[in-house]
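Please keep the 3D view open as you read.

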Amino acid sequence: MAVSLSKGQKVDLTKTNPGMSKVVVGLGWDTNKYDGGNDFDLDSSVFLLGDTGKVTSESDFVFYNNTSGANGSVVHTGDNRTGEGDGDDEQVKIDLANVPANIQRITFTITIHDGEARNQNFGQVSNAYARILNEDTGEELIRYDLGEDFSIETVLVVGELYRHNGEWKFSAIGSGYQGGLAALAKDFGLQVG
């Protein structure tokens, strides 16, 4: 049975699942109906961070236009433009055993594409979650439901996998930001044009 987390909680991943190295991080959401006239397009992105909490190169930013990072050990399965239907809207596959040693944290985010321009925010998004599955068995190991605590934010840092004493743990972060993906990318050390 999956471990259900609340904001701020941390849990062991590899220590409690010895021998497992391939996981799938599923991210999902539903958008509320509103009168803005624009479709929602939510995107998940992954930042591969070193000791400094920053990316070391542009290739450490994994998203729908750069679907592979960390020497192929982190793979984004692609963009879902509607978020309709049940199950995960977007997924990231990770081979933890092959993540390069310089990557200490793998941070998962969800952004609203053109959120500011379309006057959209996470107050109009419900049922956002992240879950971690064992890729080999399909078993759900960890689930984090974000709740409805957001209003004006256009970016969510959902959570992160991080190294601790040679093992991988997951931290449920659930922090919202304004300024879109550009502001977040800059915070993580990317040069944004």
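1. Start with the aromatic rings. The structure holds four aromatic pairs. One of them joins F61 and F63, and this pair is stacked. The ring centres of F61 and F63 are 4.3 Å apart, with 15° between the planes. Both residues are buried: F61 has a relative accessible area of 10%, and F63 has 16%.

2. Stay with F63. This residue also pairs with Y64, and here the geometry is edge-to-face. The centres of F63 and Y64 lie 5.3 Å apart, and the planes make an angle of 75°. Is Y64 buried, exposed or partly exposed? Y64 is partly exposed, because its relative accessible area is 29% and buried means under 20%.

3. Now widen the view. F61, F63 and Y64 belong to one aromatic cluster, together with F47 and F188. Find these five rings in the 3D view before you go on.

4. A word on confidence. This is a predicted model. The protein chain averages a pLDDT of 90. Of its residues, 93% score at least 70. Which elements mark the two ends of the range in mean pLDDT? Helix 1, residues 180-187, has the lowest mean, at 88. Strand 7, residues 74-76, has the highest, at 97.

5. Strand 2 runs antiparallel to strand 13, residues 167-177, and three bridges join them. Within this pairing, V11 has F170 in strand 13 as its bridge partner. Strand 13 is in turn joined to strand 12 by nine bridges, again antiparallel. There, V155 stands opposite Y177 of strand 13.

6. Look at the turn between those two strands. Strand 12 and strand 13 form a hairpin with two residues between the strands. N165 takes a positive phi near 50° in this hairpin.

7. Carry on to strand 9. How many bridges join strand 9 to strand 12? There are seven, linking residues 105-112 of strand 9 to residues 155-164 of strand 12. The two strands run antiparallel. I110 has L156 in strand 12 as its bridge partner.

8. E160 and R105 form it, with their closest N and O atoms 3.0 Å apart. E160 is buried, with a relative accessible area of 10%. R105 is partly exposed, at 28%.

9. The structure holds six salt bridges. Another one is formed by the side chains of D88 and R131, at 2.7 Å from N to O. D88 lies in the loop between strand 7 and strand 8 (90-95), while R131 is in strand 10, residues 125-134. The pair therefore ties together parts that are 43 residues apart in sequence. Are D88 and R131 buried or exposed? D88 is buried, and R131 is buried too.

10. Turn to R143. This residue forms a salt bridge with D145, and the closest N and O atoms are 3.3 Å apart. R143 is partly exposed, with a relative accessible area of 24%. D145 is also partly exposed, at 39%. Salt bridges that share partners join R143 and D145 with D88, R131 and E140 into one network.

11. R143 has a further contact to check. Its charged end sits over the ring of Y129. The distance to the centre of that ring is 4.2 Å.

Methods. Residues are numbered from 1 along each chain as its sequence is written. This is a predicted model: local features need pLDDT of at least 70, side-chain atom pairs count only at pLDDT 80 or more; totals for chains, interfaces and linings use all residues. Side-chain values use heavy atoms; hydrogens and water are left out. Two strands pair if DSSP finds at least two bridges between them. Helices (H or I, at least four residues) and strands (E, at least two) are DSSP runs, numbered from the N terminus. Rings of Phe, Tyr and Trp (its six-membered ring) pair if their centres lie within 6.5 Å; planes under 30 degrees apart count as stacked, over 60 as edge-to-face and the rest as tilted. Buried means under 20% relative accessible area, exposed over 50%, partly exposed in between (1.4 Å probe, protein chains only). A charge sits over a ring if NZ of Lys or CZ of Arg is within 6 Å of the ring centre and within 35 degrees of the ring normal. pLDDT is the predictor's confidence in each residue, from 0 to 100. A salt bridge is a side-chain nitrogen of Lys or Arg within 4 Å of a carboxyl oxygen of Asp or Glu.
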